[in-house]
Structure formats: structure tokens, C-alpha cells
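I opened this model to look up its pockets, its strands and a handful of single residues. My notes are below, in the order in which I went through them.

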Amino acid sequence: MATFLFDNIIFGPVKSRRLGNSLGINLLPVNAKFCTFNCVYCECGWNSKGIKIELPRLGDIVPVMEKYFSENKQPLDVITFAGNGEPTINPDFPEIVAETIRLRNKYLPNVKVSVLTNASNLGNEKVVAALKMIDEPILKVDTFIQSDFELINKPASGLSIATIVDNIARNFEHPIIQTMFMRGNIDGTFFDNTTDESLGVYFETLKRLNPSQVMVYSIARETPLSGLQKVAPDELEKIGAKIRSL
């Protein structure tokens, strides 16, 4: 199905269901998706193959941000590191975060800084320190069951959901968790992260992590894998009600 790539370092602002008017910062290539996951629902499609990966570096990004921030006339709620893959892959991520916060404080002091991350790089102390500088580090976790994790997120070899959970618990006292709920046939196996088994593990793990916020949502855009099914709003509300009760 049709997916898309962000073709600039800065994109938007877009109206985010979760964040409001969000100005995107893409720290990944503009011609390829580059990620530690290969999620079946990703709006950017599958990880690119056969393309030379060239990441924008600190010197490429800071002048673009400063020009935009200093000239911006649009209402913004948040500046969000997102884009064509996992933003913490960029080797300059800690330095870029620091410069973004400096420029935000100078030009857009009332705007928050956020990041959408799959939490796969929380074993890197510099990445964790940078994430803690950000107003809203949003950690994407769709399931806490390893077999389902491998089906829906298709992580890079060696990544386990148990390690990711341990890293979240060790580094964040009250994390922000984001979860995509969906169902469908994936590689010949039917997947549904709203089953009693999946939700039971999900709720118990949330109790351990003690998040400050949990963002639950379902598919709203085209997906690289066809046939995925949305979870209805009333189902999401039941999940949300259970989370609130925790």
C-alpha cells in the first residue's frame, strides 16, 4: 500500500492526534527509511535496501533549525524528533538535542520538545541522557510479548522486548508509553494485541513501569503490509479505562 517519506530535515507543522501542532525534525535520510525496527504498520514503509544511507549531521541540521525557528510565524505546540525511522540512530543525536533546546529557548520558549522513539537504544548512556533533556520523550511499545514483538515490529537481530522494558524501568521513573493497537495476518500468523493474553501482560508491565502517560491509538494512515485491521474507538476506550484504573 502507499506509504511516504519525509523529504526535508524540517517538515510540517502537522496536526498530531497526540501532540497538537507539531513541527517535525527528521534526523534520518530523506530518500530512505532507516530504523532498528521494520514495523508492519509504519507510514514510511519498509526499511530501504540497496540505497546508500547518508545521515544529516549536526552541522547540516542546526542552521536549518535556526533559520526556521527565528522566522517562524505559525502557532506551534511542540517540536518533535520523528521522520524516516528511529531518530536516536543519528550519531549526533545528543548534540542535536542540546542545540535544539538552546534554539527553542532562544526563539520559541513556550514550545515543548518531544521525540518519538522505539526505545531500542536505551542501552546507550548518551542517548538516555539526551532523552532526559527532552520535555516529552515518547517511548513506543506495542506489545510486551516477544513473539508478538517480532511479528509486528520486526526488530533488528538481537533486540528483545524484555531488555527494552528493563532499560525503560531503569532509566525513566515515569515514562510516556505509546502503543499502536491493531490486528491482522502477518507472515501467515494472525496477530492481535488486544487479546486477553496480550492485554494481561500489557497491563501488568505498565504497572511495573508506572508511566506518567499512556497514548493508545490505532491505524490512521496507509501501511506497508496490506490487510491490517484498525481497532475501533470503543475498544480503545475500554483499554484506556483499564489503564486509568491502574
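This is a predicted model: local features need pLDDT of at least 70, side-chain atom pairs count only at pLDDT 80 or more; totals for chains, interfaces and linings use all residues.

The entries go from the open space to the strands, then to the nonpolar cores and a few loop and helix positions.

**Entry 1**

**Entry 1. The largest pocket**

I looked up the volume of the largest pocket and found about 760 Å³. The pocket is lined by 38 residues. I then asked which of them lie nearest its centre. They are Arg18, Glu43, Ala82, Leu116 and Arg221.

Next I sorted the lining by element. Strand 1 (10-16), strand 2 (20-26), strand 3 (78-82), strand 4 (112-117) and strand 6 (176-180) each give two or more residues to it. Strand 1 has the largest share, with four residues. By class, I have 18 nonpolar, 11 polar and nine charged residues in the lining of the largest pocket.

How many cavities of 30 Å³ or more does a search of the whole structure find? It finds one. I recorded about 40 Å³ of space in this largest cavity. Its lining consists of Phe37, Asn118, Lys140, Val141, Asp142, Phe149, Asn153, Ile161 and Ile164. Sorted by class, five of the lining residues are nonpolar, two are polar and two are charged.

**Entry 2. Strands 1 and 2**

Strand 1 and strand 2 form a hairpin, with three residues between them. Their pairing is antiparallel and runs over five bridges.

**Entry 3. Strands 4 and 5**

Strand 4 and strand 5 run parallel and are joined by four bridges. Leu116, listed above among the residues nearest the pocket centre, has Ile138 in strand 5 as its bridge partner.

I then checked how covered strand 5 is. Of the five residues in strand 5 (136-140), five are buried. Which residues point which way from strand 5? Glu136, Ile138 and Lys140 point one way, and Pro137 and Leu139 point the other way. The residues on both sides are buried, the charged Glu136 and Lys140 included.

**Entry 4. The open sheet 8-7-10**

I found an open sheet of three strands in the order 8-7-10, with antiparallel pairing. Strand 8 (189-192) and strand 10 (229-230) are at the edges and have a single partner strand each, so one side of each has no neighbour in the sheet. Between strand 7 (182-186) and strand 8 I have four bridges. Within this pairing, Arg183 stands opposite Asp192.

**Entry 5. Nonpolar cores**

The largest nonpolar core has 68 residues. I asked which residues have the most contacts inside it. They are Phe81, Phe93, Ile168 and Met182. Apart from this core lies another, of five residues, including Leu19, Ile138, Ile176 and Met215. In soluble globular proteins, nonpolar side chains tend to be buried together.

I followed up Met182. Leaving aside neighbours within four places in sequence, Met182 is in contact with Val40, Tyr41, Ile152, Phe191, Asp192, Asn193, Ile219, Leu228, Gln229 and Val231. Asp192 in that list is the residue that stands opposite Arg183.

**Entry 6. Single residues**

Is Asn38 buried or exposed? Asn38 is in the loop between strand 2 and helix 1 (58-71). Its relative accessible area is 18%, and Asn38 counts as buried because the cut-off is under 20%. Beyond its neighbours within four places in sequence, Asn38 is in contact with Lys33, Gly45, Trp46, Asn47, Asn153 and Lys154.

Pro109 is in the loop between helix 2 (93-107) and strand 4. I have 51% relative accessibility for Pro109, so it counts as exposed, the cut-off being over 50%. Pro109 and Asn121 are 12 residues apart in sequence and 28 Å apart in space, C-alpha to C-alpha.

Arg170 is in helix 5 (161-171). I recorded a relative accessible area of 56% for Arg170, which is exposed. From Arg170 to Leu159 I have 11 residues in sequence and 17 Å in space, C-alpha to C-alpha.

How values were computed
Residues are numbered from 1 along each chain as its sequence is written. Side-chain values use heavy atoms; hydrogens and water are left out. On a 1 Å grid over the protein atoms alone, a cavity is a set of points where a 1.4 Å probe fits but cannot get out, and a pocket is an open set with protein on both sides within 12 Å along at least five of seven lines; lining residues have an atom within 4 Å of a point. Grid points are joined across faces, edges and corners, and a volume is the space filled by probe spheres set on the points. A nonpolar core is a set of buried Ala, Val, Leu, Ile, Met, Phe, Trp, Tyr and Cys residues joined through side-chain atoms within 4.5 Å. Buried means under 20% relative accessible area, exposed over 50%, partly exposed in between (1.4 Å probe, protein chains only). Contact means heavy atoms within 4.5 Å. Two strands pair if DSSP finds at least two bridges between them.
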